[in-house]
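Dear colleague,

Please find below the structure that I am handing over to you. My notes on what was found in it follow directly after.

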Amino acid sequence: MKRHLVRAGLAVAALTAVTGLAWAGAPPASAEPECLNQSNDFDQDGGVDVAVGMPGADLSTGAVEVRVSDGEGSTVHRIEAPDAQRGDEFGFAVAEVAASGGEADQDRCSMLVVGAPGRDVGGAANAGAVFLYRWDAGAAGFALVGEYSMATDGVPGQAQAFARFGHALAAPYHEGGEIGGLVTPLYVGVPRYSVGSAHWSGAFTRLTFTLDEDPAVDEGTLVTQDSAGIPDTAEQDDQLGDALAAVDGGVLVGAPGEQVGTVDWAGGFLRWREGDSGQARFVTQDTPGVPGVPETGDEFGRAIYAAHELKASGGGHFVMVGAPGESIGDVLRAGSAIRFVYDGELQVAGAQGFNQDTTGVAGRPEQDDAFGSAFGSYGPTRTLVGVPGESVGTVGNAGLVQGLSGERSWQQDTAGVPGSVGIRHRFGATIGNALYGLGGSGEDGWLGDVLVGVPGDDRFVGSVVAGLPGGPGGSERWTPQTPGDEDAYGSAVGRTN
């Protein structure tokens, strides 16, 4: 049944259902909700809230379910876009922006952002849009406060057919000092944006918002590979903006279609910061110090993860960049990943490469494993890698999640992991994790259990595995409150970075 969105002025849909599931490893009772530095806590009660995208719902109209936790249980809120149309893919990406200066009322401290890259804008099909929601304490639900596209005042660029604005989203969970507006920046990927005759060369925008009742874009910057100070040039099918990861003061931006020399679809990524004055950096597998070599179809930069909580021994934190199309020996599209250190600058020297031929990594390279399709963290010490094409026995594309320390891996037939192995489940296609909070306790913060998306589960209805065996809490299997054919629940999972 279609759920219509109701709110004065702007429309919002929220279907709520109370569950008895508490988020594993809830924060200590002493944790005080704060307007500053709170992440994944939309109702500001000190408990973790998790957004899960299901862009295939209602014939790809799409939806998002948010599990709002009170520390003892959770209430599930279903959100749908206003004036939803088939093919919007609402929920393809999710993120969160937060107040930067503590000057906002509590309802605006932590706001949900949802990407709908298939949204038509004017006469431009699939131009894409993003939606901003706040928690309405009075109504105990989410209220839509703005819809933004490249036709919105303040958003740079022009709405283009098939550009897919909102395909990728990223925002820092903390950024010190004054920012252009009162809200942390939001980075929006537009991977099929065309620059002149360079079809689908790609772009991304950096947006900040005001904290008005209906927030406006305070500042907007559009970046392409033809922008001043950006290395290389915009070329057909580069798809800059396909993946994003926020880092201190800036963003890492994937361009998996980048041609390196004469090698098509070798891929690369851009390190960009506002006000860099030409110091932006573009990295490929041809960059000195980067493991591997550019090969056709590597798609290096298809996935990027800034693991702020995983500290390198010499300072800084780790960054993971995936090349899920990389061939290992004669094995096509087995996939690989490269780990860098970021300490305000991207450190290429000492970068480490990983694949399923690497000592300590489970399994072996097989065709279409797509190792490096997603990344996450497991507590404060372990990097996780998604291998959604992994076969389990004779079951193809069942999926695997690999830890890069401790030689540990998980799949849906691992003891303690809920659900069952199935063809095209793609366990590990997405990975998320929720940061409980910073400050107020003398601790650096608390990391919740990892969230593993399984968008092909139950004939593409999808599921999320919340928690893995060996983590701080148990493991649960989440499914949509009202399942529908090809919901693809778990295609996007709330995360802190």
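Two strands are said to pair if DSSP finds at least two bridges between them. Strands (E, at least two residues) and helices (H or I, at least four) are DSSP runs, numbered from the N terminus. In β12, the bridge partner of F204 is V223.

This is a predicted model, in which local features need pLDDT of at least 70 and side-chain atom pairs count only at pLDDT 80 or more, while totals for chains, interfaces and linings use all residues. Residues are numbered from 1 along each chain as its sequence is written, and side-chain values use heavy atoms, with hydrogens and water left out.

The chain as a whole

The protein chain has two helices and 29 strands. Of its 497 residues, 60% are buried (under 20% relative accessible area, with a 1.4 Å probe and protein chains only; exposed is over 50%, and partly exposed lies in between). Among contacts (heavy atoms within 4.5 Å) between residues at least 6 apart in sequence, 58% join residues at least 24 apart.

The sheet around β11 and β12

β11 and β12 pair in the antiparallel sense over six bridges. They belong to an open sheet of four strands, in the order β9-β10-β11-β12, with antiparallel pairing. β9 (168–170) and β12 (217–223) stand at the edges with a single partner strand each, so one side of each has no neighbour in the sheet. On average, neighbouring strands of this sheet are turned by 20° against each other, direction ignored (axes are lines fitted to C-alpha atoms, and angles run from 0 to 180 degrees between N-to-C directions).

The largest nonpolar core

A nonpolar core is a set of buried Ala, Val, Leu, Ile, Met, Phe, Trp, Tyr and Cys residues joined through side-chain atoms within 4.5 Å. The largest one has 27 residues, and V113, L132, F165, L169 and L186 have the most contacts inside it. Strands that each supply at least two residues of this core include β10 (186–190) and β11 (203–209). Leaving aside residues up to four places away in sequence, L169 touches, among others, V113, L186 and L244.

The loop residue Q412

Q412 lies in the loop between β24 (409–410) and β25 (430–435). Is Q412 buried or exposed? Q412 is buried, with a relative accessible area of 5%. Its side chain is joined to that of H425 by a polar contact of 2.9 Å (a pair of N or O atoms within 3.5 Å; within protein, one must be able to donate a hydrogen and the other to accept it, and residues adjacent in sequence count only if both atoms are side-chain atoms). Beyond four places in sequence, the residues that Q412 touches include H425, F427, V454 and D457.

Yours sincerely
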